[in-house]
Amino acid sequence: MRTYLRHPFWQAAGLLVLAYLVIAFVIPLLPGSAMVPSSVVLQYMATVLVGILIWVSDEEARWTQFKEPLHEVLVQPRLKMVRNGLLAAVTLVVGCLTYSQVRASVAAPPNLRSIHPAPPPQITFRGKTITLVGLDNPLRRSGDMAAHLAVGRRVYYQNCVPCHGDHLDGQGHFAAGLNPLPANFQDNGTIAQLTESFVFWRVAKGGPGLPREGTPWNSAMPAWEDFLTEDEIWSVVLFLYDQTGWKPRTWEVSAEAAK
Amino acid sequence: MIHALLLLTLVATQDTTAGKQIYTKWCAGCHGDNGAGDGPAAKHMIPPPRDFTGAVYQIRSTPSSQLPTDADLLRSIDEGLFGTAMPGWKSRLSDRQRRDVLAYIKTFSTFFADTTQRPQPIKFGNAPGGGSGAEALKVGRQFYDSIGCRKCHGDLGRGDGPSAPTLKDDAQHPIFAANLHENWRFNGGGTVEDIYRRLRTGLDGTPMPSFGDLIENKFLTDEQLWRVAQYVRSLSPKDAPVVRDVVHAPLTKSLPHAPDDSTWTAVAVYWFPLVGQIIHKARWFSPAVTGVWVKAVHTADSIALRVVWDDRSQSPDTSWLAHVGRVFATLQSDDSTPEQPAPWPDQLIVQFPVSIPTGMERPYFLMGSSGAPVYQWRWSSIARTAPVAGLARGIDRFEPLSSGGPAAQAVYDHGQWRVVFTRALASTDTASQLPFRTGRAIPVAFFASDGSNGEHGSRMAVSTWYFLALDEPVPARVFISPVLAMVLTLGLGMLVVWRAQQKTSYRRQQ
């Protein structure tokens with residue numbers, strides 16, 4: 001056992017196994033991380049392998065020692081079984097890999113979807129034209145904030161919870177049946193990246209109002225202008241930011257406007 | 001022991017002021033500011049949110065009609081209640097926050113105020129071995145019948161027993177007997193241990209009684225009750241179904257027209273979850289059909305698509321009208337005038353595009369639009385062998401086509417519909433009736449309504465787009481390159497070995 005532990009070949013082999021275990025099983029356990037996709041695992045493993053090869057070939061003596069077991073397997077008469085076994089195994093693996101590559105299997109077409117497509121400069125909301133560019137949430141400047149939030153809260157729980165969930169993380173009890181999944185407002189990639197006018201547009205026009213790059217045919221987001229008033233939508237937008245703690249992106253004040 | 005100690009320290013440090021803040025922010029939307037289960041979301045879900053003021057809890061480790069322990073309540077907060085709108089909060093709130101909210105929830109009821117009466121959990125033993133063996137399941141099945149499970153849960157456990165239409169909870173809300181084939185939706189968890197505990201404690205506030213007294217009365221032994229739990233567990237698949245996007249339809253020699261044709265047993269099955277239609281008025285927040293199991297095969301000229309789904313009632317069935325009334329009374333409707341219950345049929349719709357799309361663009365998943373219609377097969381339980389093919393241009397616009405639609409055969413069997421649609425691959429009317437082609441990903445979607453749950457029109461369960469692929473037989477040329485690659489690899493390997501051995505013997509000779 002000791003001799004194996006000191007031998008560079010077995011050290012290298014051990015390091016490879018260890019690296020694989022860390023990448024495949026330990027990383028997903030870290031808070032905030034997910035399963036590492038197999039293509040990324042392959043990249044990491046290639047990097048680790050190159051590193052190990054540089055290390056073993058760094059010193060002449062270590063390199064010679066490293067090659068020893070490889071050479072032994074190739075020439076030693078007593079290792080004939082291992083040699084033939086390895087040859088057969090490698091051949092079989094190559095065969096299977098090639099087969100899985102050439103076998104024609106129908107897969108779902110790739111779903112290339114722009115998550116935050118460019119909004120139109122203006123929309124028609126129940127016959128009224130609303131210019132989105134430069135638009136802020138009008139409720140932030142008028143009336144009682146607590147009252148607006150109470151309306152937004154009621155609207156959210158009566159309409160949005162089945163998909164977006166009571167933690168606003170897109171994991172409502174209907175979410176599993178939908179593709180694309182409902183937006184996760186807790187994530188820093190959704191409302192935290194957007195202006196309130198963008199969110200208003202998405203709520204008002206829903207899936208059917210998406211441009212082509214947003215795959216409008218798949219989205220289960222209703223067009224809420226059929227259900228809610230303008231103020232109700234602005235209130236629920238306020239509620240989304242208040243409940244998650246995110247700040248909406250604001251419009252850059254141009255030099256001219258500031259004058 | 002360590003757990004008990006931890007729990008004691010946890011309970012000691014609970015803070016109801018902090019708990020109230022958490023509760024108001026994250027729980028009150030459903031459970032209401034005063035814990036009465038009457039938050040703004042309450043009228044959009046069945047089962048409705050728990051009313052904490054009565055302190056009646058389904059998921060407990062304590063005997064029937066007793067208070068739950070803190071650990072019981074914490075478990076429901078942590079894991080949520082499967083098959084309902086209640087999510088698990090373990091990953092969403094900190095340990096401290098969940099403990100605080102637990103302490104606050106208990107303040108809604110005076111029953112928890114009397115701290116001299118600490119609820120004591122039942123000492124559950126361990127499951128006896130051999131639980132999946134034929135003998136154990138036979139005993140389980142025998143007692144499943146004799147203690148009356150089948151009255152509500154049905155002969156085969158799909159929640160379709162004779163009493164099923166009459167069930168309501170203590171607050172008169174409608175309630176379904178659990179479909180025992182979907183253990184991933186059991187409120188308190190789907191393991192044998194979870195099921196056994198529910199059998200021992202009952203689900204307070206619901207018609208599900210406790211069977212603990214039957215053990216005390218020596219009607220059955222503890223082991224026999226465990227066997228019932230093991231039998232119930234055996235009805236569900238080992239793992240909850242996973243959604244795979246593409247239904248593969250292999251090539252067969254003959255087309256199976258009947259739902260129970262033996263050809264189907266060897267064909268892979270695909271599960272697609274369905275959720276309520278809440279996009280168009282009138283929305284439907286409480287669908288009864290949770291999903292469909294789909295199989296498909298094709299011959300050189302025809303396709304057979306088999307759709308199986310669990311449905312507690314063979315609608316139209318007037319014995320469910322009172323249930324429909326309770327559903328309508330519990331849910332808030334989009335309609336200004338409340339609807340009257342009627343004996344509606346069960347329905348299933350299979351949807352395709354009008355032609356196989358070349359790019360990624362497809363018609364709108366929810367029954368197309370005026371500009372881009374979809375091709376649908378509409379099956380109803382009142383015309384079982386006569387599905388209607390037609391074009392939908394939006395959820396309320398359906399134009400039947402006069403000819404060339406599919407044939408269908410249907411079976412209703414103990415709480416389950418099994419329907420097979422068959423049609424020629426080719427179509428004479430290619431402008432509106434999709435011609436099926438092999439080797440292509442054909443978009444497909446499913447919609448289902450349970451008439452005895454008040455579902456009709458836009459009130460139904462829906463899926464998004466998935467795909468159907470009619471697989472072509474593997475051509476022989478596919479095997480050429482793997483064989484070539486293997487020969488090359490083996491040759492190269494042998495060459496390396498031979499070279500190495502040559503070198504070594506050469507060196508030895510010197």
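In chain A, 51 Å separate the centres of domain 1 and domain 2, taken over C-alpha atoms. The domain assignment places domain 1 of chain A at residues 2-102 and domain 2 of chain A at 122-244. Everything described here comes from a predicted model, so please read each value as computed from that prediction.

**Chain B as a whole**

Let us turn to chain B. Its 510 residues include 44% that count as buried, and its secondary structure comprises 11 helices and 14 strands. The C-alpha trace of chain B spans about 90 × 85 × 50 Å along its principal axes. Taking the contacts in chain B between residues at least 6 apart in sequence, 67% join residues at least 24 apart.

The assignment divides chain B into domain 1 (2-112), domain 2 (134-234), domain 3 (246-470) and domain 4 (477-509). Between domain 1 of chain B and domain 2 of chain B, the C-alpha centres lie 25 Å apart. Their contact draws 18 residues from domain 1 of chain B and 20 residues from domain 2 of chain B. On the side of domain 1 of chain B that touches domain 2 of chain B, the residues divide into 9 nonpolar, 7 polar and 2 charged.

**Where the chains meet**

How many residues does the contact take from chain A and from chain B? Chain A gives 40 residues and chain B gives 50 residues. On the side of chain A that touches chain B, the elements giving two or more residues are α4 (60-75), α5 (80-102), α6 (145-159) and α7 (161-164) of chain A. The largest share of that side, 9 residues, belongs to α5(A). By class, the side of chain A that touches chain B holds 22 nonpolar, 13 polar and 5 charged residues.

**The open sheet of chain B**

Now for the sheet. Five strands of chain B form an open sheet with antiparallel pairing, in the order β2-β4-β5-β11-β10. The strands β2 (270-273) and β10 (407-412) of chain B stand at the edges with a single partner strand each, so one side of each is left without a neighbour in the sheet. From one strand to the next, the twist averages 20°.

| Strand pair | Bridges | A bridge pair |
|---|---|---|
| β2(B) and β4(B) | 4 bridges | Phe272(B) and Val292(B) |
| β10(B) and β11(B) | 6 bridges | Val411(B) and Arg418(B) |

Asp413(B) lies in the loop between β10 and β11 of chain B. Is Asp413(B) buried or partly exposed? Asp413(B) is partly exposed, because 14 other C-beta atoms lie within 10 Å, whereas a buried residue would need 20 or more. The C-alpha atoms of Asp413(B) and Asp310(B) are separated by 9.4 Å, although the two residues are 103 residues apart along the chain.

**The largest nonpolar core**

In soluble globular proteins, nonpolar side chains tend to be buried together. Which residues touch the most other members of the largest nonpolar core? They are Val307(B) and Ala448(B), in a core of 143 residues. Helix α9 (residues 230-244) of chain A gives the most to this core, with 8 residues.

Leaving aside residues up to four places away in sequence, Ala448(B) touches Leu274(B), Val289(B), Val292(B), Trp309(B), Gln347(B), Leu348(B), Met460(B) and Ala461(B).

Technical notes. Residues numbered from 1 in each chain as written. Chains lettered and ligands numbered in written order. Predicted model: local features only at pLDDT ≥ 70, side-chain atom pairs only at ≥ 80, totals over all residues. Buried ≥ 20, exposed ≤ 12 C-beta atoms within 10 Å, placed from the backbone. Contact = placed C-beta atoms within 7 Å. Pairing = 2+ DSSP bridges. Axes fitted to C-alpha atoms, helices over the stretch in contact; angles between N-to-C directions. Domains from an automatic or database assignment. Nonpolar A, V, L, I, M, F, W, Y, C, P; charged D, E, K, R; others polar. Core = buried A, V, L, I, M, F, W, Y, C linked by C-beta atoms within 7 Å.
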